[in-house]
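Me: I am new to this structure and would like a close look at a single part. Please take the sheet and what surrounds it, in short sentences.

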Amino acid sequence: MLDQVADIISKCSVGAVLTGAGISAESGVPTFRGRQGLWKKFRPEQLATMEAFLASPEVVWEWYNWRRELISDVQPNPGHHALKEMEEFFQEFTLITQNVDNLHRLAGSSRILELHGNIYRNKCADCGFVLDDDMDIDPADIPTCDKCGGRVRPDVVWFGEMLPGDVIEQAFFEAERADVFLSVGTSALVQPAASLPLVAKRGGATLIEINPERTPLSDLADFSFQAKSGELLPDLVKMVHDRKEGADRR
Ligand code: NAD
Ligand code: ZN
């Protein structure tokens with residue numbers, strides 16, 4: 001099956017991939033749904049919301065500082081690196097991610113659409129003005145916006161919030177025109193990202209899923225691999241590489 005996918009990729013010119021928390025699992029970043037997703041007995045759904053921030057901004061910031069700390073010395077894994085290498089097989093390749101952990105940037109991917117923001121960035125909770133990253137936030141003394149005096153919050157999409165319009169629009173555009181679309185490490189449940197693979201398939205793309213567990217997408221995908229992305233993606237990249245080299249020699 002992987003052979004067939006390598007054949008298809010080696011002949012396509014527009015590629016896109018959607019990644020979720022699963023691609024970073026092998027780097028040691030906990031997914032929200034795992035047991036480690038619980039922090040001081042709060043669920044992410046209780047912390048990653050504007051309601052929580054308005055009610056207890058210090059608790060929300062303590063949680064984000066903990067998450068920043070948790071991923072501060074985490075490195076991209078072979079799955080992230082393979083997706084960077086995949087760029088060279090296509091004329092155009094877009095990486096769409098639901099992750100906020102910055103690991104695709106660290107791996108060097110060039111065209112990244114971050115649907116849910118980036119945990120290292122900060123913005124104003126009132127006017128949205130984006131502030132410097134690398135700001136240390138003291139939960140007991142949250143800095144305020146230079147423009148309007150609003151409190152600073154992380155620049156991520158919280159539950160109940162809209163995704164950044166230009167980013168999601170671009171993601172749908174790329175999904176629609178892709179020849180091949182990979183869905184990697186995402187439960188394919190959270191909208192609107194979960195629609196991207198469907199839009200790609202409707203637009204004629206070959207749809208490939210990589211996830212150790214079955215998802216609502218598994219039956220719809222042209223190829224569904226129940227595997228870890230850090231193990232399967234490097235194999236796939238190597239196979240496409242060999243085909244491209246073989247074709248060059250001929
Ligand atoms: P999710 O809904 O994207 O689910 C994670 C998926 O990854 C599951 O389907 C699981 O089977 C799969 N998976 C686990 N290990 C894998 C591996 N080694 N290779 C491939 N797939 C693997 O993510 P969630 O944790 O339920 O989070 C919901 C939202 O919060 C999403 O937007 C998510 O991206 C975000 N989040 C991001 C991070 C991060 O930035 N690393 C971490 C936690 C949550
Ligand atoms: Zn402001």
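Reply: This is a predicted model, in which local features need pLDDT of at least 70, side-chain atom pairs count only at pLDDT 80 or more, and totals for chains, interfaces and linings use all residues. Residues are numbered from 1 along each chain as its sequence is written, chains are lettered from A and ligands numbered from 1 in the order in which they are written, and side-chain values use heavy atoms, with hydrogens and water left out.

Start with the sheet. It is open and has six strands, in the order E3-E2-E1-E7-E8-E9, with parallel pairing. Helices (H or I, at least four residues) and strands (E, at least two) are DSSP runs, numbered from the N terminus. Two strands pair if DSSP finds at least two bridges between them. Strand E3 (112-114) and strand E9 (223-225) are the edge strands, each pairing on one side only. On average, neighbouring strands are turned by 15° against each other, direction ignored. Axes here are lines fitted to C-alpha atoms, for helices over the stretch in contact, and angles run from 0 to 180 degrees between N-to-C directions.

Now look at E7. Five of its five residues are buried, so this strand is mostly covered. Buried means under 20% relative accessible area, exposed over 50%, and partly exposed in between, with a 1.4 Å probe and protein chains only. In a regular strand the side chains alternate between the two faces of the sheet. In E7, Val180, Leu182 and Val184 point one way. Phe181 and Ser183 point the other way.

E7 has a partner on each side. Five bridges join E1 to E7, and the two run parallel. Ala16 has Phe181 of E7 as its bridge partner. Five bridges also join E7 to E8, again running parallel. From E7 the chain crosses through helix H9 (residues 196-202) to E8, a right-handed β-α-β crossover. Right-handed means that, with the strands pointing away from the viewer, the path from the first strand over the helix to the second runs clockwise.

Glu209 has Ser224 of E9 as its bridge partner.

Helices cover parts of this sheet. Helix H6 (residues 78-86) packs on the sheet and touches strand E1 (14-19), strand E2 (92-97) and strand E7 (180-184). Contact means heavy atoms within 4.5 Å. The direction of H6 makes about 150° with that of E2. Helix H10 (residues 229-249) lies across E7, E8 and E9. H10 runs at about 155° to E7.

The loops hold some details too. The loop between E7 and H9 contains Ala188 and Pro192. Phi of Ala188 is near 55°, a positive value in a residue other than glycine. Ala188 is buried, with a relative accessible area of 14%. A cis peptide bond joins Gln191 and Pro192, with omega about 0°. Asn102 sits in another place, the loop between E2 and helix H7 (103-107). Asn102 is not a glycine, yet its phi is positive, at about 75°. With a relative accessible area of 18%, Asn102 is buried.
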